[in-house]
Amino acid sequence: MSVDVAMDVDSNGLTAELEAHGSGSSESPAAQRYDLCPESWRRFADQLLLGVGVASLLAAVMMLVAYNWSSLDRFVKLGLLQGTLVVTVAIAWRARWQTFGGRLALCATAILLGPLLALLGQIYQGAASDYRLFLLWALLILPWGFVARWAPIWLLVAILLDIAAWRFWQTRYVALWSAPGGLSHDYFIVAAGSTMALVNATGWLLARSRPKRADLHDERPAWLEQTLALGTIGCATFAELVSLLLAPLSVSAAIIVPSIALGLAMARRQQQRQQALITAGLLLCCIVLVSMLVQQSLRAADVLPEWLELLVVGLVFAVQGGVAASWLRHEARSHD
Amino acid sequence: MTSPPSGAQQSAGSPVAAHWSLRLLMGVVGWLAATCVTGGLAILTFDVLELDHLVLLAAGIALFGLALYLRRVLLPRMIERPSKMALVQFALAIGMCGQMLAVGGAAELGDAGAPWTAFAMAIIAGWLYPDAAQRFLSPVIAGFALVAALRAHELTGGSSLAAVLGTLILPFFLRPTKSHNPLGDAQLPVGLGLAAMSLAMLLWSSFLPHQHGAPEDAAALLGAHQPRLLTLHLAGLTLLLLWRIRGLIPPDRRPAPDVQLICATALAALAAFTSSVPGITAAIGLLILARVRRSSALTVMATLFLFTFLLLFYYDLQLTLLDKAAICATAGLCLVGAWLYLRWRQRRSDTPSRSRQASERRRWVGGLATTGLLLTLVTVNTIVGAKEKLLREGATVLLELAPQDPRALLQGDYMQLRYRIAEDVWRAVQSDDLAASGALVLSVEPQGNIGRFIGLDDKAHDLESTAVRIRYRLGRKHELSLCGNTFFFEEGDAARYEVARYAELRVGETGDCILVGLKNAKLQRLGKQLETNRPVDSKLASQRKRGTDPR
């Protein structure tokens with residue numbers, strides 16, 4: 001490497017913001033509107049060129065692997081990809097690990113491991129998109145996650161574990177409960193959704209916990225916690241909605257009613273923590289679950305024509321929306 | 001246009017309740033309620049009362065008028081209460097339902113009736129209805145309606161046209177706000193809506209052009225060059241934007257001429273090399289616009305668009321994966337090359353301010369990263385070693401097939417294999433009440449090595465010398481998986497494997513197996529398959545070596 005790829009950018013960009021505002025005050029109105037501070041534009045150019053450039057290069061590697069070029073010997077393919085992994089770790093080392101460049105290089109390494117494992121499956125004809133591929137991928141990138149301490153890598157780990165959980169239940173469900181005449185295969189969605197909710201919930205808890213040492217440059221931005229929380233809530237709701245459609249009403253109601261209570265309790269807690277986005281997600285899921293439970297009960301009872309059933313469900317949605325609005329206003333006032 | 005303050009500002013009474021996500025929650029719930037109500041009313045009018053479509057059109061317009069009256073006249077006079085926030089969303093939902101009903105009613109006016117009505121209503125609603133959500137959705141609906149209307153008149157290329165129109169108008173709406181702004185509150189939502197519409201149209205024109213026949217005239221010729229013209233247009237707009245920004249910077253503070261030249265050249269080269277793929281240029285242009293406008297919504301939109309575009313590009317069948325890999329690699333090299341130049345240039349002019357970290361900590365971090373790398377390489381090569389051993393020493397077994405085929409997330413094109421013995425195994429599993437995964441026993445013919453299913457392995461008896469044990473797993477629809485039931489091949493080779501009748505496996509003593517390749521009915525190998533130097537004295541393999549290889 002003839003060029004030192006180390007980046008001197010601090011990851012939160014605070015300095016840039018201060019400089020931008022500081023220099024902006026003496027500029028023309030147009031310059032102020034467009035934020036023409038050269039330093040902040042240089043930083044932007046750095047991130048744009050490097051970010052999109054690296055994304056394109058990674059996409060190129062993935063497409064090349066997927067092409068399955070038969071003229072290349074299998075050991076050459078394996079050697080090239082493993083070599084690329086070594087090079088990207090070396091670049092991260094040169095860039096001093098926790099700079100933007102270093103973190104990006106480690107993230108690229110973590111992503112490149114996927115094509116390498118996919119290549120193994122491709123050469124030795126393993127199962128397509130096997131859950132073990134995603135699980136192994138997620139586990140092997142953990143050390144780089146600890147080194148980089150960067151939210152995108154942790155998000156990648158969570159997504160990979162989610163895909164692994166989905167693929168596991170999709171392909172192994174029958175193998176685990178094979179009794180003929182047992183539950184339909186669609187129940188794998190319930191099992192997979194619940195597992196994904198558990199995975200995301202674990203991530204959510206970890207993302208919420210504060211780093212022990214401030215000097216570790218640990219980056220756990222609010223969006224990571226919010227994304228994992230919404231992932232948890234979304235997956236759990238999805239699993240429950242599917243179980244509502246598949247299982248007998250009494251069984252699914254026995255699961256859904258306690259989970260709505262839990263959801264509301266959590267919404268109250270999140271509201272107190274000023275986590276508006278998570279509160280909104282929890283409330284929306286509770287409202288959807290209640291409405292769908294009403295709709296399924298009406299359908300099971302079969303007393304109303306279809307159009308009236310839809311009107312009633314619409315009304316149920318509207319009433320809950322109103323109640324949620326008043327509650328939020330009330331909570332906000334009592335908080336103040 | 002002076003519009004009343006939007007719902008966002010009105011409900012800003014308390015800090016928490018006014019958070020955008022809570023307003024969005026109210027919106028989504030209001031819209032869900034309104035959708036259910038409209039659905040119920042639609043079923044009532046069509047199926048129960050069987051009303052005329054023109055009545056529906058009139059009812060839709062009336063409903064929209066009512067919403068407009070509520071939002072523009074009644075609601076601004078109300079005092080701030082929680083119910084007002086819900087009413088704002090309810091009025092919005094009624095307005096949307098009115099538009100949907102009107103479009104449904106207009107469907108009877110001919111093929112182009114519904115899309116043109118949707119287009120007109122979207123423009124009117126975006127202009128008159130003072131709500132950010134409506135103003136965001138209006139350009140999106142108008143864009144899709146325009147394409148549908150043009151298609152109803154048998155004109156293709158509407159999606160590209162909508163993308164071009166959207167990107168041309170976009171800059172006027174996304175200019176940083178001046179103190180006296182003629183567009184008022186409408187500026188940002190309409191701008192974001194136009195951006196979303198343009199990106200959606202770009203995806204549509206890039207990946208759906210072959211789903212309808214292009215007319216055999218000059219338009220067809222233009223249609224063939226659509227992606228290139230779009231890329232040229234987008235690159236032109238991006239360079240124009242950068243030129244405008246450059247003009248605003250005082251000459252003494254501008255970047256050095258060579259830096260300007262390199263940035264412009266990198267963008268131009270990127271557009272030229274990826275001319276058949278407008279998405280990458282569009283994402284870069286939008287990211288620059290997002291920076292100018294300092295809008296995180298636009299940044300998120302552009303980033304998500306880039307990922308969606310690359311994913312659809314991967315699954316698209318107009319180019320081979322090799323061509324696509326070359327295009328992406330060139331784009332990456334252009335951008336990373338420009339970045340390297342900028343770094344080098346900066347290092348020459350600046351004295352770098354290295355923020356030294358404690359060397360002890362860096363050593364620890366470096367050790368962890370290297371351990372991770374070593375762990376990865378050892379894991380991968382251990383798997384390779386085990387597979388190669390199986391390939392060298394395993395017994396050869398052929399199994400009869402009934403094949404089918406798609407594309408995997410990361411691994412490319414493959415053929416889904418269905419083994420003929422699957423039904424026998426399923427029956428045996430059912431009758432013996434055994435688990436859906438375990439081991440099965442095959443008898444292998446000395447001539448041709450073709451395997452026949454004998455039964456499930458009960459581990460009580462030793463195997464005969466002509467029998468092998470294989471681990472299996474049964475999936476959905478009695479699908480039998482032995483060593484993975486997929487066969488990966490180079491893109492474009494699908495036809496070669498269509499005549500496959502047998503799968504060739506190597507089976508180890510523990511029941512592990514590996515799929516080596518496919519053979520036709522005459523037991524000839526198809527295409528390339530896993531080759532290795534098999535030792536002559538391999539006991540299981542040599543047992544059935546005679547007369548197996550037809551080459």
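**Exercise 1. The interface**

How many residues does the contact take from chain B and from chain A?

*Solution.* Start with the ground rules. This is a predicted model, where local features need pLDDT of at least 70, side-chain atom pairs count only at pLDDT 80 or more, and totals for chains, interfaces and linings use all residues. Residues are numbered from 1 along each chain as its sequence is written, chains are lettered from A and ligands numbered from 1 in the order in which they are written, and side-chain values use heavy atoms, with hydrogens and water left out.

Step 1. The contact takes 119 residues from chain B and 113 residues from chain A.

Step 2. Turn to area. The size of an interface is often given as the accessible area lost when the parts come together. Here, buried area is the accessible area (1.4 Å probe) that two parts lose on being put together, summed over both. Between chain B and chain A that area is about 10500 Å². Carbon and sulfur atoms give 69% of it.

Step 3. Look for charged pairs. A salt bridge is a side-chain nitrogen of Lys or Arg within 4 Å of a carboxyl oxygen of Asp or Glu. The rule finds two across this interface. One of them pairs Glu388(B) with Arg74(A), with 2.8 Å between the closest N and O atoms.

Step 4. Find the main contributor. Helix α15 (residues 359-393) of chain B gives the most to the side of chain B that touches chain A, with 20 residues. Helices (H or I, at least four residues) and strands (E, at least two) are DSSP runs, numbered from the N terminus.

Step 5. Sort that side of chain B by residue type. It divides into 73 nonpolar, 25 polar and 21 charged residues. Ala, Val, Leu, Ile, Met, Phe, Trp, Tyr, Cys and Pro count as nonpolar, Asp, Glu, Lys and Arg as charged, and the others, Gly among them, as polar.

**Exercise 2. The two chains**

How many helices and strands are there in chain B, and how many in chain A?

*Solution.* Step 1. Chain B has 17 helices and 11 strands. Chain A has 13 helices and zero strands.

Step 1. Check burial. Buried means under 20% relative accessible area, exposed over 50%, partly exposed in between (1.4 Å probe, protein chains only). Of the 551 residues of chain B, 49% count as buried. For the 336 residues of chain A, the share is 54%.

**Exercise 3. The cores**

Which residues touch the most other members of the largest nonpolar core?

*Solution.* Step 1. Define the set. A nonpolar core is a set of buried Ala, Val, Leu, Ile, Met, Phe, Trp, Tyr and Cys residues joined through side-chain atoms within 4.5 Å.

Step 1. Name the residues. The largest core has 123 residues, and Leu113(A), Trp137(A) and Ile141(A) touch the most other members.

Step 2. Follow one of them. Beyond four places in sequence, the contacts of Trp137(A) include Leu113(A), Leu160(A) and Leu410(B).

**Exercise 4. Two residues**

Is Gln270(A) buried or exposed? Which strand holds Cys513(B)?

*Solution.* Step 1. Gln270(A) lies in helix α11 (residues 249-272) of chain A. Its relative accessibility is 3%, so Gln270(A) counts as buried. Among its contacts beyond four places in sequence are Trp204(A), Arg208(A) and Leu282(A).

Step 1. Cys513(B) lies in strand β10 (residues 513-519) of chain B. At 9% relative accessibility, Cys513(B) is buried. Cys513(B) and Tyr472(B) are 41 residues apart along the chain, with 9.8 Å between their C-alpha atoms.

**Exercise 5. A salt-bridge network**

Which residues are linked with Glu504(B) in a network of salt bridges?

*Solution.* Step 1. The network links Glu504(B), Arg506(B), Lys519(B) and Arg525(B).

Step 1. Take Glu504(B) with Lys519(B): their closest N and O atoms are 3.4 Å apart. Glu504(B) is in strand β9 (residues 502-507) and Lys519(B) in strand β10 of chain B, so this pair ties together parts 15 residues apart in sequence.

Step 2. Take Arg525(B) with Glu504(B): the N to O distance is 3.6 Å. Arg525(B) is in strand β11 (residues 525-526) and Glu504(B) in strand β9 of chain B, so this pair ties together parts 21 residues apart in sequence.

Step 3. Check burial. Arg525(B) is buried at 18% relative accessibility, and Glu504(B) at 2%.

Notes: Contact means heavy atoms within 4.5 Å.
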